[in-house]
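Thanks for coming, everyone. Please bring the structure up on the screen, and let's walk through it together.

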Amino acid sequence: MPVPSKERVIALLSDLVHDRGFELEDVTVVSAGKHSAVRIMVDRDEATDLDALPALSHEISQVFDGVSDFGEAPYTLEVTTPGIDRPLTEERHWRRARGRKVRVELGDEKFDARVGASEGGSVTLVTRTKGVLATRTVEFAEISKAVVQVEFSRPKADEMELAGGVFGGRPAPADNDEIVNVDTPEEGLDK
């Protein structure tokens with residue numbers, strides 16, 4: 001067998017991934033003729049810096065090199081974090097998305113909201129309808145689908161305040177009183 005099973009990969013990596021501060025979200029093992037692929041998806045509450053994944057990938061590769069399950073067949077190792085389009089299905093996903101804008105489906109109802117606190121099987125969502133802010137607590141069991149939305153501008157300060165503030169790795173909210181002029185050079189510097 002050129003590549004071990006998903007269960008074997010999970011058994012090999014669970015402790016290592018946990019010790020490095022990540023959770024093992026998913027493992028995919030794909031056999032494609034003589035060449036195979038092993039995809040490891042990890043996540044954690046705080047933002048992942050650019051050096052963390054390559055370092056973890058290197059350590060995982062060393063673990064794989066140390067076992068005979070892989071044999072001599074070539075394989076590709078991919079270590080990644082969930083993309084923004086991953087559905088929010090677990091309470092930990094909601095906790096990690098706190099402060100982000102999401103599209104939520106509850107049966108026939110669809111709406112955009114900002115994620116607030118989550119606990120005890122529910123999440124608080126901040127909604128804005130015709131300029132009016134409100135909070136709404138929704139049980140996870142009621143949610144048909146929820147996906148983080150891409151935002152091209154900073155979130156509004158009042159929404160972030162209702163959601164519970166700014167969270168690690170998230171952009172600071174827009175402040176209407178703050179005007180930044182990027183065309184003016186600093187005093188004392190030549191143009």
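Is Asp43 buried or exposed? Keep in mind that this is a predicted model. Asp43 has a relative accessibility of 11%, so it counts as buried; the cut-off for that is under 20%. Find Asp43 in strand β2, which covers residues 35-43. Now look at its side chain. A polar contact of 3.4 Å joins it to the side chain of Arg96. Arg96 is one of several contacts. Setting aside neighbours within four places in sequence, Asp43 also meets Phe22, Glu23, Glu25, Pro82 and Arg86.

Next, the sheet that holds β2. Its order is β1-β2-β3. It is an open sheet of three strands, and the pairing is mixed. Which strands stand at the edges? They are β1, residues 23-32, and β3. Each has a single partner strand, so one side of each has no neighbour in the sheet. From one strand to the next, the twist averages 10 degrees.

A quick reminder on pairing. Strands in a sheet pair through backbone hydrogen bonds, and they can be parallel or antiparallel. Here, β1 and β2 run antiparallel, joined by nine bridges.

Helix α2 lies across β2 and β3. It runs at about 140 degrees to β3.

Now the aromatic rings. How many aromatic pairs are there? The count is two. Start with Phe64 and Tyr75. Their ring centres are 6.1 Å apart and their planes sit at 70 degrees; over 60 counts as edge-to-face, so that is what this pair is. The pair links distant parts of the chain. Phe64 is in helix α2, residues 52-65, and Tyr75 is in strand β3, residues 75-80. Eleven residues separate them. With 1% relative accessibility, Phe64 counts as buried.

The other pair is Trp94 with Phe140. This one is tilted, with 5.9 Å from centre to centre and 35 degrees between the planes. Where do the partners lie? Trp94 is in helix α3, residues 91-96. Phe140 is in the loop between β7 (132-139) and β8 (145-148). The pair therefore ties together parts that are 46 residues apart in sequence. Both Trp94 and Phe140 are buried.

Ser118 touches both Trp94 and Phe140. Glu91, Arg95 and Val123 are also among its contacts, not counting residues up to four places away in sequence. Ser118 belongs to strand β5, residues 109-119. It has 17% relative accessibility, so it counts as buried.

Why does Leu125 count as buried? Because its relative accessibility is 0%. Leaving out neighbours within four places in sequence, its contacts include Trp94 again. Others among them are Val102, Val104, Phe111, Ala113 and Val115. Val138 is on the list as well. Leu125 and Val138 are 13 residues apart in sequence, and their C-alpha atoms are 7.4 Å apart in space.

To finish, go back to Trp94. It pairs with Phe140, it touches Ser118, and it is in contact with Leu125. Over to you for questions.

Notes: Residues numbered from 1 in each chain as written. Predicted model: local features only at pLDDT ≥ 70, side-chain atom pairs only at ≥ 80, totals over all residues. Heavy atoms only, no water. Helix = DSSP H or I, 4+ residues; strand = E, 2+ residues; numbered from the N terminus. Buried < 20%, exposed > 50% of the residue type's maximum accessible area, 1.4 Å probe, protein only. Polar contact = N/O pair within 3.5 Å; in protein donor to acceptor, adjacent residues only side chain to side chain. Contact = heavy atoms within 4.5 Å. Phe/Tyr/Trp six-rings, centres within 6.5 Å; stacked < 30°, edge-to-face > 60°. Pairing = 2+ DSSP bridges. Axes fitted to C-alpha atoms, helices over the stretch in contact; angles between N-to-C directions.
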